[in-house]
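Welcome! Have a look at the structure below, and then we will walk through it together, one topic at a time.

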Amino acid sequence: MAEDPNFTLNKASHASHCLRCLRGLPGSFAEADTSRVAIGFYCLGALDILGLLSQKVNESVRQGYIDWIYNQQTASPLGTGFRPSPYSSVSTSASDSQQDDHLFDRPNLIMTYTALLSLAILRDDLTRVDRKGLVNLVRHSQQDDGSFSAFPGKGEADLRIVYTAFAICHMLDDWSSVNIDKAISFIRTCRTYEGGYGEVPFSEAQGGPTYCALASLHLLPAEYSSSATLSVKERRSTVRWLAQNQAKDGGFRGRTEKVADACYSFWCGASLRILGAANEVDEASNADFLNRCQFRTGGIAKTPNEVPDPYHTYLSLAALAMYPPKTENLTWSLPRLDPLLNATEETARWARDHLRISAIS
Amino acid sequence: MSSRTSSPDFPPLYAERPEWSDVVPIPQNDEDANPIAPIFYTPEYKDATDYFRGIVKTGEKSKRVLELTESIIRLNPAHYSAWQYRYQTLLSTSSSLSDELTLMDTYATEFLKTYQVWHHRRLLLTLLHQPPSSPSPSSPTPTTTTSPTHTPTTTPPLPLQAELTFITSALRTDAKNYHTWAYRQWVLSHFSRPELWSGEISFVESMLDEDVRNNSAWHHRFFVVFASGVREGDEDREEVRRRELAYTKEKIALAPNNGSAWNYLRGILTHTHTPFATQADFVLPYTLPYPSPSQTEPLDKDVDVKMTDEDKDTDKDEKNSSPENTVVDLENPRPEAGADLPSPLAIEFMADIYEERGGKEDVLSAVELWKSLRDEHDTIRKNYWEFRINDALHPSR
Ligand SMILES: [Zn+2]
């Protein structure tokens with residue numbers, strides 16, 4: 001195709017969007033209170049993929065972010081992990097006893113996973129991470145049916161949280177706290193007749209939980225590969241469902257007959273890559289769709305002409321890193337992405353090398 | 001500092017209210033040099049959360065805490081600490097859970113994209129409909145130090161049927177909301193009462209009458225009919241299979257390019273171990289460029305793969321052209337006039353029939369169909385069809 005001048009990845013303006021969000025969010029974003037660590041991950045992760053982190057954020061600010069993330073590390077009797085922000089903390093100073101705090105200021109597995117990756121993106125050496133506490137947290141978050149809840153103890157559980165627990169175990173290279181067989185059987189019960197996975201048993205096949213299921217199964221240690229691998233028939237129907245989710249406009253939808261949304265270029269695209277079916281994506285039209293989701297002043301939105309946010313910005317870039325369009329235009333060249341941990345290969349390697357339990361003497 | 005007047009829309013800040021003067025507000029401790037994504041809170045939100053932290057510190061559980069947590073939830077429905085504290089407060093003040101559920105009806109439509117709204121509802125419903133013998137709720141509860149001292153209020157809870165009615169009305173606001181559907185599936189499977197299940201098929205049908213492409217409704221149908229056990233009246237599985245096939249094919253006739261209906265058709269067949277080939281007569285007209293109402297003649301020899309379970313392995317040449325082919329077949333509704341044909345989903349299905357059959361000639365027929373998808377009818381998936389072609393021609397690869 002003739003090179004369209006509008007077919008350009010506006011790296012600098014996407015970096016600006018992420019930097020603006022890192023610096024602060026308007027009051028209408030109060031809901032971010034319970035996900036600031038995750039928002040930080042999307043912003044830092046986007047800057048990492050864009051290759052602009054060290055250029056746009058100076059060393060002292062990077063150190064400041066590292067310190068802030070560590071301030072979210074919270075110990076509880078049921079394990080240590082990271083909270084989304086200090087929004088529920090009632091300690092007025094660091095020396096304050098956290099004794100009565102932990103009920104409402106608890107570590108959260110989703111935040112823990114995004115905090116660990118953010119620290120890796122910032123190339124922190126991860127020595128301040130309480131590894132034993134992490135193992136404990138994972139242990140106490142597993143439910144009787146094999147699933148995981150975001151918080152230790154009994155609670156709401158779904159495939160997203162299974163994935164974050166598995167990603168943490170994988171980075172730690174320590175699965176001692178998990179009943180793996182039960183977890184695998186939970187994942188299997190979330191599979192639907194369409195070939196995708198729902199967030200909880202009985203729910204509709206959706207791109208996000210499908211990624212979580214497939215990535216979880218592939219993160220497991222090699223000795224589980226026989227029980228974790230999909231059968232030939234299962235794999236076929238999953239690949240089919242994923243491929244059918246690429247819409248005519250080039251983007252991916254999360255569920256059958258819905259419209260495309262930029263984030264599913266990652267969730268479905270990474271799923272296909274995990275299944276070894278990456279060739280089946282039409283990367284040119286996928287990139288064309290994401291190109292049109294770029295917002296004039298930076299950031300990427302879920303659909304063309306929508307307002308951008310860090311979540312869709314990060315996931316679109318991650319999708320493009322896996323499925324770069326074939327073009328002379330160098331703005332589209334991005335570093336390779338690790339589809340299982342959802343980070344650049346370099347960052348994923350850093351996380352594994354520095355978090356591994358056996359790495360500390 | 002305040003020039004604000006109190007009105008229902010702008011109630012006074014907690015800091016300005018004498019009845020809250022005994023609470024010591026605790027500001028958020030986020031004094032780092034470089035906090036990540038700090039939020040420039042509105043005065044209302046900062047005020048309410050400062051008082052919330054003050055309350056959490058003292059552990060107060062009282063009626064006014066219900067007001068405070070409601071203020072916070074209205075400003076940030078994802079504030080899970082406020083939700084959790086509210087739940088515990090409801091229990092320790094023996095508040096009416098039915099009233100709370102009614103309040104939640106409005107929340108569910110205002111904040112229906114928020115996990116917490118549905119989780120809270122789940123907790124309430126579990127307690128309200130706890131079997132009298134069971135000492136504690138058996139389903140998801142937050143870690144809690146307060147044991148549920150709640151004694152059921154004098155007003156008996158509405159029957160669970162009312163909950164399904166509520167969900168149906170919530171789906172009117174957003175017919176594909178993932179949480180709403182998951183919640184409906186939870187209500188049905190958690191309480192699993194025959195009278196709850198009995199209306200589900202007609203409910204699904206009314207949803208699909210509204211929008212035949214609502215995949216959430218199709219999924220729900222599969223959940224009710226196949227995935228969650230056998231319903232009362234559905235014991236004759238052969239009859240169920242027939243009913244489901246007929247329903248689905250009728251919907252495909254209505255909208256031949258509806259992926260949800262085709263996926264459901266695949267789902268029924270796979271679940272009941274029925275070969276795809278049993279549907280060849282039905283599928284064929286949808287693979288052709290335009291519907292031809294006069295075409296009741298035996299179908300084109302090259303693509304006709306009419307067969308039953310038994311003749312699955314026999315050569316295509318020996319097939320007998322059965323007289324049924326020439327009469328209008330109610331089991332195989334034909335595309336409506338003006339339908340957008342051929343349907344790529346039908347071509348894909350037909351290719352799967354050939355591939356399932358597995359003879360050398362069949363594979364070549366499948367390849368021809370995949371090529372037509374790759375080159376003409378479904379080019380967005382050209383790489384996928386290319387893969388199917390290679391996979392069929394070189395299966396050992
Ligand atoms: Zn999205």
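Chain A contains 15 helices and four strands; helices (H or I, at least four residues) and strands (E, at least two) are DSSP runs, numbered from the N terminus. The radius of gyration of chain A, taken over C-alpha atoms, is 20 Å, close to the 21 Å that the globule rule gives for 361 residues, so chain A is as compact as a globular protein of that length. That rule is 2.2 Å times the number of residues to the power 0.38. The C-alpha trace of chain A spans about 65 × 50 × 40 Å along its principal axes.

A word on where these values come from: this is a predicted model, in which local features need pLDDT of at least 70 and side-chain atom pairs count only at pLDDT 80 or more, while totals for chains, interfaces and linings use all residues. Residues are numbered from 1 along each chain as its sequence is written, chains are lettered from A and ligands numbered from 1 in the order in which they are written, and side-chain values use heavy atoms, with hydrogens and water left out.

Of the 361 residues in chain A, 66% are buried. Here buried means under 20% relative accessible area, exposed means over 50%, and partly exposed is in between (1.4 Å probe, protein chains only). Among the contacts in chain A with a separation of 6 or more, 69% join residues 24 or more positions apart; a contact means heavy atoms within 4.5 Å.

Now to the place where the chains meet. How many residues of chain B are in contact with chain A? There are 70, and they touch 80 residues of chain A. About 6400 Å² is buried between the two chains, and carbon and sulfur atoms give 52% of this area. Buried area is the accessible area (1.4 Å probe) that two parts lose on being put together, summed over both.

A salt bridge is a side-chain nitrogen of Lys or Arg within 4 Å of a carboxyl oxygen of Asp or Glu. Here are some examples:

| Salt bridge | N to O distance |
|---|---|
| Arg236(A) and Glu355(B) | 3.1 Å |
| Asp282(A) and Lys382(B) | 3.0 Å |
| Lys46(B) and Asp50(B) | 2.6 Å |
| Arg243(B) and Glu244(B) | 2.9 Å |

The pair of Asp282(A) and Lys382(B) crosses between chains, from the loop between α12 (263-274) and α13 (283-293) of chain A to helix α16 of chain B. Is Asp282(A) buried or exposed? Asp282(A) counts as buried because its relative accessibility is 7%, whereas Lys382(B), at 35%, is partly exposed.

Lys46(B) and Asp50(B) both sit in helix α1 of chain B, four residues apart, about one turn of the helix. Lys46(B) is partly exposed at 40%, while Asp50(B) is buried at 8%. In the remaining pair, Arg243(B) is partly exposed at 27% and Glu244(B) is buried at 0%.

Salt bridges can also join up. One network links Arg236(A), Arg240(A), Arg266(B), Glu348(B), Asp352(B), Glu355(B), Arg388(B) and Asp391(B).

Let us finish with one residue in chain B. Val363(B) belongs to helix α15 (residues 360-377) and is buried, since its relative accessible area is 15%. Beyond its neighbours within four places in sequence, Val363(B) is in contact with Gly358(B), Ala392(B) and Leu393(B).
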